[in-house]
Amino acid sequence: MSRDFDAIIIGSGPGGSTAAEILTEAGLSVLIFERGRNHLIDLDNPAILPQRFSNDELKYMTRHFLGPDPWAEPRTFRTSIADGDRQVIGEVNNLPATVGGGGVHADGKLPRFREDDFLVKSELGAIEGANIADWPVTYDEMEPYYARAERLIGVAGRAGANPFAAWRSGDYPMPPGPPMYGALVTSAAAQKLGYHPYPAPTGVNSIEYDGRPPCNNCGFCAYFGCPIHAKGDPVAPLRRALLTGRAQLRPQSHVSRILVENGQATGVEWIDVRGERHIELAERIVVACGAMETPRLLLLSGLTSEQIGRNVMFHMQTFVFGIMPFRVHGHIGRSVTHVHDDHILVDEAARAAAAAAGLPWIKGGLVEHCSPSHLIAEAKQYPWGPQHKIMMRESPMRDRLLGFCMQGDDLPQFTNTVDLDPAVTDIWGLPVARTTYQLHTHELVASRHHAAKLAQIMKETGAERIMTATSPKTTGDLTTSHSEISQVPISRHVAGTARFGTDPSSSVCDPWGRLWEAPNVMIADSSLFPTGSGYGPTLTLVALALRNSRAFAA
Amino acid sequence: MPAFLTALQYSILEAVCARLVPADGAPDGAEIGAVDYIDTLLGAFTFTPPRIWAGGPFSGRFGGAASFSDFEELSPAEELAWRTRIEGSLGIPERERLGPVAGLQETYTRSLAKLGEEILSLDPAAQDDRLREVSDFTYLVYGHVCEGLYGAPEYGGNRGLAGWNYLNYEGDVQPRGFTDAEVSGA
């Protein structure tokens, strides 16, 4: 069989589309496989930006338009081996299966990590039961790639607004967009208590940028594709890659395995929309399927490292909500406009809370100032009967609700895994990804410690009632102030299942993201992360894909 | 004419929806279109393309060419998933990969028969008692009622935008959007 492309890229999300841009820039021809549908880009004329996405809660929030369908392509979940083969079948932490991947549905908060996020083991130290490792790259080495990623995606923000940020070589390419009313209320309260809220670095245009218009604040941001291409979703890198004439994007084409012989990948097997199988050969393979589908594909391909699928991390989300005596109209604006980083610091109070629980340190995460915005989701929370319309009019759970969501750092654990479910298959007959996951005591202690602080801020806003919740749900005596949502983490920030490092016995990939077992395969997603940090993974995985793809093309 | 429901099923469901969301100055759930929404969902495959995903980008309510009514085509895999969900697995092997699935059509048909024509002649309090007796079904219908009241009208509900209007909710605002002053002001 002939090789029609120099490289195959599996997945068209932020990591895969970045790899496509860099590899085509280096003169390579690439074929991009995407299992989902294409609504993002005009494949015949990439210069045109098609408008296909819409403000439609049913389509995106209820009916899985961005995929994957939880019956056709389910995942499974259990909290430990003791729970049997699985407890849940269906939707487990799904990121979109669509051209553009997770970059399509995200509301685009794109923070950088801090210097110490790359050196957790050497700077903060090990914690019993956690599999903490330093990254094989430092922030100083990453900074130019962060800067380039912000320019390529188009990130709006203000340098210097966050006193805890890592150093940066220049300002953001755009100023922040307009602040949401609710975020102004919570930010004022936070400031009064000595916290440091700032405009969230956001991949949403505040001015015309890269030929795409400024955001018009429609409010259908998180979980929706942008109807006007104001989001810094992967349309930009995909468009640049396609316009070189050296890239082809093949949607609704599911890669079922990588063909590996004698420590080298030779190509992939893929399934078309009718279910027929094909082979495509190439000398380089980039895997960018996300931190749950990437280890699944490596295992389906017969790769054998004991490390594959280990250390899966989510963010432990801690929510503190306040019901306000006034309307906050969270449906007007770009979902989240303000955040604060104070809870990421390992300060004296955090060390004291840690010591009381027998831990050396605890770390929280970025706190988003947020407010719910969708009517159907709200309505389903209220009881039926005469109460329904009274509640909808008063809207305590939407139009009068302000919230904090802390993206709490989740420590890697060797026993938290993604593997192949022994019986459940997808519509193509392939075993699905199974997650086995439990919180470490660290997350519980950090959540409780910081939830109390967030509740103090919420009290300062004048909230009538304050509620706390976490995801995943927490149990036991540490959690008396928490209510339950679910044991499956709802955070879409997933990482860690194919970590990179300097030692093949404790990592899946080398310091350039290439598989130790098959070095012509590179991973370009958050699977690589040795630790998770309290920040969303997207900008960091894009910066890493920029760095690693350049080396991979050489 | 309904896409799936019989005239009797339609009447029973009207009574149910009027109890789940009663009139109170604003119309009741059936009057806002919840039954038509459910009927359109149950009969989604009587339309071409099926009424699963409305089109985009704009409804025309705030400018732009209206395209929500141009429903999306489904791929073979998507059609299989949605037919399984709506029609049930019906003993068809490819629909029973994860075990037998009771379709929404069967669940509605069976449960409406269980509620029976007699619910129409009960007083509201007795109707509520019946709904509490079939709480699983009531929970299912209530979820669909919420979707029918507050989803886009192209899916069959939210008649005349009544579900959005009684809440002064704008709905889909593209391509107009909101001004910076509307974002930041009280």
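**Close-up views of a predicted two-chain model**

**View 1. The open sheet of chain A.** Five strands of chain A form an open sheet in the order S6-S2-S1-S10-S18, with parallel pairing. The structure is a predicted model, in which local features need pLDDT of at least 70, side-chain atom pairs count only at pLDDT 80 or more, and totals for chains, interfaces and linings use all residues. Residues are numbered from 1 along each chain as its sequence is written, and chains are lettered from A and ligands numbered from 1 in the order in which they are written. Strands (E, at least two residues) and helices (H or I, at least four) are DSSP runs numbered from the N terminus; two strands pair if DSSP finds at least two bridges between them. Strand S6 (247–250) and strand S18 (521–523) of chain A are the edge strands, each pairing on one side only. From one strand to the next the twist averages 20°.

**View 2. Pairing of S2(A) with S6(A).** Strand S2 (residues 30–33) of chain A runs parallel to S6(A) and is joined to it by four bridges. Phe33(A) has Arg250(A) of S6(A) as its bridge partner. Strands of a sheet pair through backbone hydrogen bonds, either parallel or antiparallel.

**View 3. Helix H5 of chain A.** H5(A) (residues 139–153) has 15 residues and reaches 19 Å from its first C-alpha to its last, close to the 21 Å expected at 1.5 Å a residue; the expected span is 1.5 Å times one less than the number of residues. Among its buried residues are Met142(A), Tyr145(A), Tyr146(A) and Ala149(A) (buried: 20 or more other C-beta atoms within 10 Å of the residue's own, with C-beta atoms placed from the backbone). The cover over the buried residues includes helix H7 (235–243) and helix H13 (538–553) of chain A. Just after H5(A), Gly154(A) takes a positive phi of about 90°.

**View 4. Crossing of H3(B) and H7(B).** The axes of helix H3 (residues 34–42) of chain B and H7(B) come within 8 Å and cross at roughly 105°. Axes are lines fitted to C-alpha atoms, for helices over the stretch in contact, and angles run from 0 to 180 degrees between N-to-C directions. H3(B) is therefore roughly perpendicular to H7(B) (65 to 115 degrees). Residues in contact (C-beta atoms, placed from the backbone, within 7 Å) include Tyr37(B) and Ile38(B) of H3(B) and His144(B) and Val145(B) of H7(B).

**View 5. The side of chain B that touches chain A.** In this interface, 45 residues of chain B are in contact with 45 residues of chain A. H4(B) gives the largest share of the chain B side, seven residues.

Technical notes: Contact = placed C-beta atoms within 7 Å. Buried ≥ 20, exposed ≤ 12 C-beta atoms within 10 Å, placed from the backbone. Parallel < 35°, antiparallel > 145°, perpendicular 65-115°, else oblique.
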